[in-house]
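Subject: Structure for your review

Dear colleague,

Please find below the structure that I am handing over to you. My findings follow directly after it.

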Amino acid sequence: MQKTWVLMFAATLPIWTGCASGPVVPMPPTVEVLDFNSTRVSPDGIEFVGRVAIRNQMRGPLTVRQVDYGADLYERPLFDDTFAALQPMRSRATTTVTLPFRIPMSELAAHVEDVVVEDAVRVTLRGVVVPEGFDPIAFTAQKVLPIPRLPTISLDGARGNPVAGDFTVFLRVHNPNGFPMSFGQVDTHLDVNGRKYDLLRTESFGQLPANGAGRVALTMRNSHRKGIGVLINVVRNQSADFAVGGSLSCQTPHGQFVLPVELRSTAAAPGR
């Protein structure tokens, strides 16, 4: 008799457990803007990225049809777009949607009055999450950043001789902004009569204070072979004109600044 009771209990246990879980109660997801920041500043424009978290509060799956979003510059619409590449969400799951966009510098120039009056760039990210079976859920976030002024770069002397294969160019970088910046990466080259030779950073400032200046040393090293190549180049062209090209990048509290480098110097060729 005892065995029979145990077997009956075991057979009915799944039914009780299923009843305890209950039906899925419809509940709309929650939507939160995790962050909204400027990430990159260059002569072409300012890049922004917003991240929006969608949290499924139900014990069952959820389908989000799309995220409609856009941006405003000083309350004036810049664009509207839709992100629809969303996978069905599992129970209690969270999906994070990344929304990147760029504001061209030409657009900022068109709002010069607002820029001057506010002495800042004010951008609003706005949008709605459209879940299946529920009303759209709105989100918004605003970013105000100081007017970004790209640092100025100038030649600050040179040491050595490119013909010898060991040549260093010094650049002076001035930060006109009211916030500091630290040195990031360098991708530069020496251009001698149209032929490019890599320049490697050998010295640089660690951090530029607000309205401060620093020095960067860029060296062409190697190589006896490279020196011979430069010598042939100079003799063939009867000119030792050189230019420094490429880019430098600096990290700031408002994203990465990418600085183009286009500087030229003229030197007479040997025997000219």
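In what follows, a residue is called buried when its relative accessible area is under 20%, exposed when it is over 50%, and partly exposed in between. E132, for example, has a relative accessibility of 44% and therefore counts as partly exposed. Please note that this is a predicted model.

Overall composition

The protein chain contains four helices and 15 strands. Of its 272 residues, 40% are buried. The accessible surface amounts to about 15,200 Å², and carbon and sulfur atoms account for 53% of that area. When contacts between residues at least 6 apart in sequence are considered, 66% of them join residues at least 24 apart.

Strand β10 and its partners

Strand β10 covers residues 181–192. Which strands pair with β10 in the antiparallel sense? One of them is β14 (residues 242–252), joined to β10 by nine bridges. Another is β11 (residues 195–204), which pairs with β10 over five bridges. A further antiparallel partner is β12 (residues 207–208), with two bridges.

Individual residues illustrate these pairings. T188 has G246 as its bridge partner in β14, and T188 also stands opposite L199 in β11. S182 is bridged to Q207 in β12.

Beyond its neighbours within four places in sequence, P180 is in contact with N175, Q207, L208, P209, A210, Q251, T252 and P253. The C-alpha atoms of P180 and Q207 are separated by 6.9 Å, although the two residues are 27 residues apart along the chain. With the same exclusion of sequence neighbours, the contacts of N175 include P151, P180, M181, L208, P209 and A210.

Salt bridges

How many salt bridges does a search of the whole structure find? The total is 10. One of the pairs consists of R65 and E132, whose side chains meet at 3.9 Å, N to O. R65 belongs to strand β3 (residues 64–73) and E132 to the loop between β6 (120–131) and β7 (137–146), so that distant parts of the chain, 67 residues apart, are linked; E132 itself is partly exposed because its relative accessibility is 44%.

R126 forms a salt bridge with D80, and their closest N and O atoms are 2.8 Å apart. Because R126 lies in strand β6 and D80 in strand β4 (residues 76–83), this pair ties together parts that are 46 residues apart in sequence. D80 counts as exposed, at 59% relative accessibility. D72, D80 and R126 are linked in a network of salt bridges.

The side chains of E118 and R122 also meet in a salt bridge, at 2.5 Å, N to O. E118 is partly exposed, with a relative accessible area of 32%, whereas R122 counts as buried at 13%.

Aromatic residues

The search of the whole structure finds six aromatic pairs. Y69 and F79 form an edge-to-face pair, 6.0 Å centre to centre and with 85° between the planes. This pair links distant parts of the chain, with Y69 in strand β3 and F79 in strand β4, 10 residues apart. Y69 counts as buried at 9% relative accessibility, and F79 is partly exposed at 24%.

Why is the pair of F179 and F257 edge-to-face? Their ring centres are 6.0 Å apart and their planes lie at 75°, and planes over 60 degrees apart count as edge-to-face.

F36, F48, Y69, F79 and F101 form one aromatic cluster.

Yours sincerely

Definitions and conventions:
Residues are numbered from 1 along each chain as its sequence is written. This is a predicted model: local features need pLDDT of at least 70, side-chain atom pairs count only at pLDDT 80 or more; totals for chains, interfaces and linings use all residues. Side-chain values use heavy atoms; hydrogens and water are left out. Buried means under 20% relative accessible area, exposed over 50%, partly exposed in between (1.4 Å probe, protein chains only). Contact means heavy atoms within 4.5 Å. Accessible areas come from the Shrake-Rupley method with a 1.4 Å probe; for residues, only the protein chains shown count as cover. Two strands pair if DSSP finds at least two bridges between them. A salt bridge is a side-chain nitrogen of Lys or Arg within 4 Å of a carboxyl oxygen of Asp or Glu. Rings of Phe, Tyr and Trp (its six-membered ring) pair if their centres lie within 6.5 Å; planes under 30 degrees apart count as stacked, over 60 as edge-to-face and the rest as tilted.
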